[in-house]
Amino acid sequence: MADIPVDAPQHCPGTTSDQAGKTSACQGCPNQNICSSGAAKAPDPAIDEIKVKLATVKHKILVLSGKGGVGKSTFSAHLAHALARDETKEVALLDVDICGPSIPKIMGLEGEQVHQSGSGWSPVYVEDNLAVMSIGFLLSSPDDAVIWRGPKKNGMIKQFLRDVDWSELDFLIVDTPPGTSDEHLSIVQYLGGAGIDGAVIITTPQEVSLQDVRKEIGFCQKVKLPIIGVVENMSGFVCPRCKNTSQIFPPTTGGAERMCEELNLPLLGKVPLDPRIGRSCDEGKSFLSEVPDSSAAVAYGSIVQKIKDYCTSHTTSGEKSE
Amino acid sequence: MLRVCRPEVHQCETGWVPVYADAQQTLALMSIGFLLEHPDEAVVWRGPKKTALIGQFVSDVAWGELDVLLVDTPPGTSDEHLAVLENLRKHRVDGAVLVTTPQAVSTGDVRREITFCKKTGVRILGLVENMSGFVCPHCSECSNIFSKGGGEELAKLTESEFLGSVPLDPLLTRSLEEGTDFLQAFPESATFSAINAIATTLLSRLQDD
């Protein structure tokens, strides 16, 4: 299983197994004593540290998708912008896509650096009440590749949660890479103690994308992560000249709507394709304030409202402990 | 996408038998999707397990005689990418084709992928700009939904070869959904000629070696 270190001896029972440190395969392993003492079985102390650190964060929302390129980061960024419109709310956006951090660009923060202070790393602020953290801020050039395997990525995510000076927050939005692997397991594990309100799942209308989303939903169920709802992105395109709608990514199996009915999940809304969304992201501006009256911005508005409503009706364990 | 929904992978003396997409057995496929009991099952694995399976796909599948082995990868520069390279190294990798969409948010990540290729010593065969423009089927107006030209610009900037642009085409997405062969179904379309031209360039590059 996953708790067998890569460099473990053959037939290693796994560090969290009852047999850890006690089987014949453990003889001669330099970590035998640690394993047999049961120390490896104990949960990572960071989980509790993170729980304490994030006790002042009211709502934590994950943004997930099965496929890449369906608009997770775009959605996360705009969700953050929309929530931060209310000046009384403190919002933070954490990018845990370690190998493909797009959030700095979308938020117009490329080239920014993280500063160290007594209370930890300071996030980068877009506005007074909107903080952003991404591995992109730790890289020296836009060409820098982060060629890391799982364990190193997990360490980074732990640091983002434990060592960043988030201070008091109303919303922490976590943008994830596609898939169901290290980053996702880690974020759910580390935030487990602090409590996650739920996940928003982004998909495009085609079956090829929905197939992966069903896997993502399966993941949420496996790790007992509540699902706030599904957003169908890139849902139809209205030609700016003739105003006819084209289904560029055709919902051949009924799209997210059908899937949500089948799986009994709330569909938060559909966001149409709009060239201005991509352009705003490239320029690091908020599409919602650039073109507030577009149908995509209206769709965003109603989705964000539903997420807010969800959050107010669900109190997290972090709040209860206050 | 290739209409081989729920086949079973069989074992033979030389290993796992790949799934064939056509009767002539010219196109062999292997995917973890074939090994799952249920299509919606999530594969919640951390890196080391993924690395092990990739090793098996390379060494334990009875690929037989092949002219070209194409490896489709997930986004990023992590476990899967390192594992594929490690396992294929002894078989020599001809190179990598990088796919981007035109907007800067996407080319930004591809820049990192180029650095990955350089650091790991993988030759870059070229760059493809996908989802490049959309021609409205009603009025023929071309909308650049995800901007335009970013791929070509990136190729220039990084001195890589630009292989071509493929437009957004609902016919293409639809045929992927249905698992029909787009190249056979729509030989007249502009998308077809774009993909075909890229494939031809790539093949000739491979033959030059």
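I began with Asp212(A), which touches Gly66(A) and Lys67(A), residues up to four places away in sequence not being counted; contact here means heavy atoms within 4.5 Å. I worked on a predicted model, in which local features need pLDDT of at least 70, side-chain atom pairs count only at pLDDT 80 or more, and totals for chains, interfaces and linings use all residues. Residues are numbered from 1 along each chain as its sequence is written, chains are lettered from A and ligands numbered from 1 in the order in which they are written, and side-chain values use heavy atoms, with hydrogens and water left out.

**Entry 1**

I located Asp212(A) in helix H7 of chain A; helices (H or I, at least four residues) and strands (E, at least two) are DSSP runs, numbered from the N terminus. Asp212(A) is buried, with a relative accessible area of 17%. I took buried as under 20% relative accessible area, exposed as over 50% and partly exposed as in between, with a 1.4 Å probe and protein chains only.

I then traced the sheet: eight strands of chain A form an open sheet with mixed pairing, in the order S5-S6-S2-S7-S1-S8-S9-S12. Two strands pair if DSSP finds at least two bridges between them. At the edges I found strand S5 (124–127) and strand S12 (267–270) of chain A, each pairing on one side only. Neighbouring strands of this sheet are turned by 20° against each other on average, direction ignored. Helix H7 (residues 207–222) of chain A packs on the sheet, where it touches strand S1 (57–65), strand S8 (198–203) and strand S9 (227–232), and its direction makes about 170° with that of S8(A). Axes are lines fitted to C-alpha atoms, for helices over the stretch in contact, and angles run from 0 to 180 degrees between N-to-C directions. I also noted helix H8 (residues 255–263) of chain A, which packs on the sheet against S8, S9 and S12, its direction making about 155° with that of S9(A).

The bridge partner of Val124(A) in S6(A) is Val132(A).

**Entry 2: the annotated cysteines**

I looked up the UniProt record, an unreviewed entry, which lists Cys12(A), Cys26(A), Cys29(A) and Cys35(A) under "binding site". They span 24 residues in sequence, yet no two of their C-alpha atoms are more than 10.8 Å apart, so they gather at one spot. UniProt positions are given in the numbering used here, and annotations may be inferred rather than shown by experiment.

Cys12(A) lies in the segment before helix H1 (32–36) of chain A. Cys12(A) is buried at 18% relative accessible area, whereas Cys29(A) is partly exposed at 22%.

**Entry 3: the interface**

Chain B and chain A bury about 4,500 Å² between them, 58% of it on carbon and sulfur atoms; this is the accessible area (1.4 Å probe) that two parts lose on being put together, summed over both. The contact takes 50 residues from chain B and 54 residues from chain A.

Asp182(A) forms a salt bridge with Arg46(B), with the closest N and O atoms 3.6 Å apart.

Methods: Salt bridge = Lys/Arg side-chain N within 4 Å of Asp/Glu carboxyl O.
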